Amino acid sequence: MTTPETQLKSDVKELLAVYSIFNYPLVQGLGAHKGIPDRVAHIKGVVHYLEFKRPKGTLSAHQEVFKAHCDADGIPYHVIRSLDQAMELVKELLK
């Protein structure tokens with residue numbers, strides 16, 4: 001049985017494939033940087049970090065720090081809570 005977050009990850013991966021957007025997961029295991037997002041997508045020459053959360057899920061303290069570094073460096077970091085939100089984001093970024 002998959003969790004809603006796992007299903008969302010799978011659905012967004014398929015969505016990105018439909019739009020031929022190069023993307024890949026970030027491995028989160030022993031030795032990985034704490035707080036790294038779930039997926040990276042390259043859209044129109046820009047790297048975007050994608051973090052998947054349940055509708056009411058929140059970022060951990062380590063994820064907040066990672067996001068703050070991205071914000072400071074002008075690197076797009078998106079918290080995705082639904083497939084509809086992901087679709088809207090993709091449409092916006094591909095304009």
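Setting aside residues up to four places away in sequence, H48 touches R39, V40, A41, I43, P76, H78 and L93, where contact denotes heavy atoms within 4.5 Å. The model is predicted, so that local features need pLDDT of at least 70 and side-chain atom pairs count only at pLDDT 80 or more, whereas totals for chains, interfaces and linings use all residues. Residues are numbered from 1 along each chain as its sequence is written, and side-chain values use heavy atoms, with hydrogens and water left out.

H48 is located in strand 3 (residues 46-52), strands being DSSP runs of E with at least two residues and helices runs of H or I with at least four, numbered from the N terminus. With a relative accessibility of 5%, H48 counts as buried (under 20% relative accessible area, with exposed over 50% and partly exposed in between, for a 1.4 Å probe and protein chains only). The side chain of H48 also makes a polar contact, at 2.9 Å, with the side chain of H78; such a contact is a pair of N or O atoms within 3.5 Å, of which, within protein, one must be able to donate a hydrogen and the other to accept it, and residues adjacent in sequence count only if both atoms are side-chain atoms.

The structure holds 3 aromatic pairs, defined for rings of Phe, Tyr and Trp (its six-membered ring) with centres within 6.5 Å, and classed as stacked for planes under 30 degrees apart, edge-to-face over 60 and tilted for the rest. Y49 and F66 form an edge-to-face pair, because their ring centres are 5.2 Å apart and their planes lie at 80°. F66, buried at 13% relative accessibility, also forms a tilted pair with Y77, at 6.2 Å centre to centre and 50° between the planes.
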